[in-house]
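Here is a short briefing on a predicted model. Keep the structure open as you read.

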Amino acid sequence: MANRLTKIYTRTGDKGETGLADGRRVSKTSERIETLGDIDELNSVLGVLRAELTAEDPISAIFFQLQNDLFDLGGEMAMANPDYHAITPEMISELENHLDDLNEQLPPLTEFILPGGSRSAAYCHQARSICRRAERQMIRLCNAEEQNSTGAIYLNRLSDLLFVCARVLARRAGATEVFWQPRNQPKPA
């Protein structure tokens, strides 16, 4: 494999611009770069979450694939070409299959859940909320310029998967899910 980076700093972004894969320079605050940043942040939190799990954990294997998919999605954003598709409908179907398999293990949801329950579940909820932000940002990008919208659908389904994974992780850790308690209702005994 060839070296991808020989020098980490280039100074080319010192004036608030960065380069896309096609060589164009864009503002670091553009919709596209904001989307890339949210996807990168989500990938980072998934890395933290994976560090909380054992290597043998099947959910860790799912998250590893998700991290690679998110890197591909970032590449799609950097290409800035509406004809380039790194995320496919088959990848969305794969997320739905994971969702169905994991949700089957859970009791029906009767209450709103607060982030928490266990450390790994809390990280998973954090990843879910970042994923929702990345999805909103990608929709802004799709509204601002021509862009493949499959990535936004992928992020929508991924946030659902992260919610279900948080529920599984909370229960697996022996913790209970944390349910929302409105102020005007009595607290459980």
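Phenylalanine 112 is exposed, because its relative accessible area of 61% is over the 50% cut-off. Its place is the loop between α3 (89–103) and β3 (113–114).

**Aromatic pair**
- The count comes to 1 aromatic pair.
- The ring centres of phenylalanine 112 and tryptophan 180 are 5.7 Å apart.
- Their planes meet at 75°, so the pair is edge-to-face; the cut-off for that class is over 60 degrees.
- Tryptophan 180 sits in the segment after β4 (178–179).
- The pair therefore ties together parts that are 68 residues apart in sequence.
- Tryptophan 180 is partly exposed, with a relative accessible area of 41%.

**Largest pocket**
- The largest pocket holds about 290 Å³ of space.
- Its lining includes Leu36, Ile39, Asp40, Asn43, Leu70 and Phe71.
- Two elements, α1 (31–52) and α2 (58–79), each give two or more residues to this lining.
- By class, the lining has 5 nonpolar, 4 polar and 1 charged residues.

**Glutamine 137**
- Helix α4 (residues 119–144) contains glutamine 137.
- Is glutamine 137 buried or exposed? Glutamine 137 is buried, because its relative accessible area of 8% falls under the 20% cut-off.
- Leaving out residues up to four places away in sequence, glutamine 137 touches Glu31, Glu34, Thr35 and Asp38.

Definitions and conventions: Residues are numbered from 1 along each chain as its sequence is written. This is a predicted model: local features need pLDDT of at least 70, side-chain atom pairs count only at pLDDT 80 or more; totals for chains, interfaces and linings use all residues. Side-chain values use heavy atoms; hydrogens and water are left out. Rings of Phe, Tyr and Trp (its six-membered ring) pair if their centres lie within 6.5 Å; planes under 30 degrees apart count as stacked, over 60 as edge-to-face and the rest as tilted. Helices (H or I, at least four residues) and strands (E, at least two) are DSSP runs, numbered from the N terminus. Buried means under 20% relative accessible area, exposed over 50%, partly exposed in between (1.4 Å probe, protein chains only). On a 1 Å grid over the protein atoms alone, a cavity is a set of points where a 1.4 Å probe fits but cannot get out, and a pocket is an open set with protein on both sides within 12 Å along at least five of seven lines; lining residues have an atom within 4 Å of a point. Grid points are joined across faces, edges and corners, and a volume is the space filled by probe spheres set on the points. Ala, Val, Leu, Ile, Met, Phe, Trp, Tyr, Cys and Pro count as nonpolar, Asp, Glu, Lys and Arg as charged, and the others, Gly among them, as polar. Contact means heavy atoms within 4.5 Å.
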